[in-house]
Amino acid sequence: MTQLAYIGLGANLGDTRQTLEQALAALAALPQSRLAAISGAYRSAPVAAGGPDFLNAVAALETDLAPEALLDALQAIEQAHGRERPYRNAPRTLDLDLLLHGGQCIASPRLVVPHPQLHRRAFVLQPLLELAPDLVVPGLGVLQPHLQGTREQAIERLAITLLPVPRMTR
């Protein structure tokens, strides 16, 4: 059964725009899935970490993939872009977070959906609400009022459009 999943995208190492656009192309190419929408691009300061600012966005994906299969696909895309996890909140070439998968609530050792921090992070909330302003999240309710709690976080919507661009091959 097709579900609407929301994926948070972020990068703060390398050519972040190119990386996010390639990640969007990889999302668009997932089996049993269709890239339905892409938020605007946002620059945000790292939260609870050091390093350069992040480029962030959120994608809406219509998918027949089960949540764990989608997580596997997201992690494979991260790996293809050189994602390393040397320590918690380390700078990264690519971060893909499964924020929501339909109306499902999942709490397993590998996956928690809704993403446990989505209502506390401006870099997730602003682009997510851009795509779905009236979004209601299981366990959180209407998401819009949670923006108030993120007002102190540094974030800026950029005047660029991220487009899924397939990786060039030789």
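In these legends, a helix is a DSSP run of H or I with at least four residues, a strand is a run of E with at least two, and both are numbered from the N terminus. Gln 32, for instance, sits in the loop between α1 and β2 (33–38). Keep in mind that what you're looking at is a predicted model.

**Figure 1. The whole protein, to get your bearings.** There are three helices and ten strands to find here. Start at the N terminus and the elements go by as β-α-β-β-β-α-β-β-β-α-β-β-β. The C-alpha trace spans about 50 × 40 × 30 Å along its principal axes. A compact globule of 170 residues would have a radius of gyration near 15 Å, and the protein agrees with its 15 Å. Of the 170 residues, 44% are buried. Among contacts with a separation of 6 or more, 72% join residues 24 or more positions apart. The accessible surface comes to about 8,700 Å², and carbon and sulfur atoms account for 53% of that. As for charge, 14 side chains are positive and 15 are negative, with the centres of the two sets 4 Å apart.

**Figure 2. Asn 12 and what its side chain reaches.** Look for Asn 12 in the loop between β1 and α1 (16–28). Asn 12 counts as buried because its relative accessibility is 4%, and the cut-off is under 20%. A polar atom of its side chain lies 2.9 Å from the backbone oxygen of Pro 52. On the Arg 92 side, the backbone nitrogen of that residue is 2.8 Å from a polar atom of the Asn 12 side chain. Leaving out residues up to four places away in sequence, Asn 12 touches Gly 50, Gly 51, Pro 52, Asp 53, Phe 54, Pro 91 and Arg 92.

Figure 3. Gly 50 belongs to the loop between β3 (42–44) and β4 (54–63). With a relative accessible area of 46%, Gly 50 is partly exposed. Beyond its neighbours within four places in sequence, Gly 50 is in contact with Asn 12 and Pro 91. Gly 50 and Pro 91 are 41 residues apart in sequence, yet their C-alpha atoms are 7.4 Å apart in space.

**Figure 4. His 101 in strand β5.** His 101 is part of β5, which covers residues 95–101. At 2% relative accessibility, His 101 is buried. Its side chain makes a polar contact of 3.0 Å with the side chain of Gln 104. Setting aside neighbours within four places in sequence, its contacts include Gln 3, Leu 4, Ala 5, Thr 63, Leu 65 and Val 113.

**Figure 5. Helix α3 and its cover.** An α-helix has 3.6 residues a turn, so residues three or four places apart point the same way.

**Figure 6. Two backbone details to zoom in on.** Pro 114 is in the loop between β7 (112–113) and α3. The other is Gln 32, where phi is near 55°, a positive value in a residue other than glycine. Is Gln 32 buried or exposed? Gln 32 is exposed, as its relative accessible area is 53%.

Definitions and conventions. Residues numbered from 1 in each chain as written. Predicted model: local features only at pLDDT ≥ 70, side-chain atom pairs only at ≥ 80, totals over all residues. Heavy atoms only, no water. Buried < 20%, exposed > 50% of the residue type's maximum accessible area, 1.4 Å probe, protein only. Contact = heavy atoms within 4.5 Å. Polar contact = N/O pair within 3.5 Å; in protein donor to acceptor, adjacent residues only side chain to side chain. Rg over C-alpha atoms; globule rule 2.2 N^0.38 Å. Areas by Shrake-Rupley, 256 points an atom, 1.4 Å probe, with all protein chains shown as cover. Lys, Arg positive; Asp, Glu negative; His and termini not counted. Charge placed at Lys NZ, Arg CZ, Asp CG, Glu CD.
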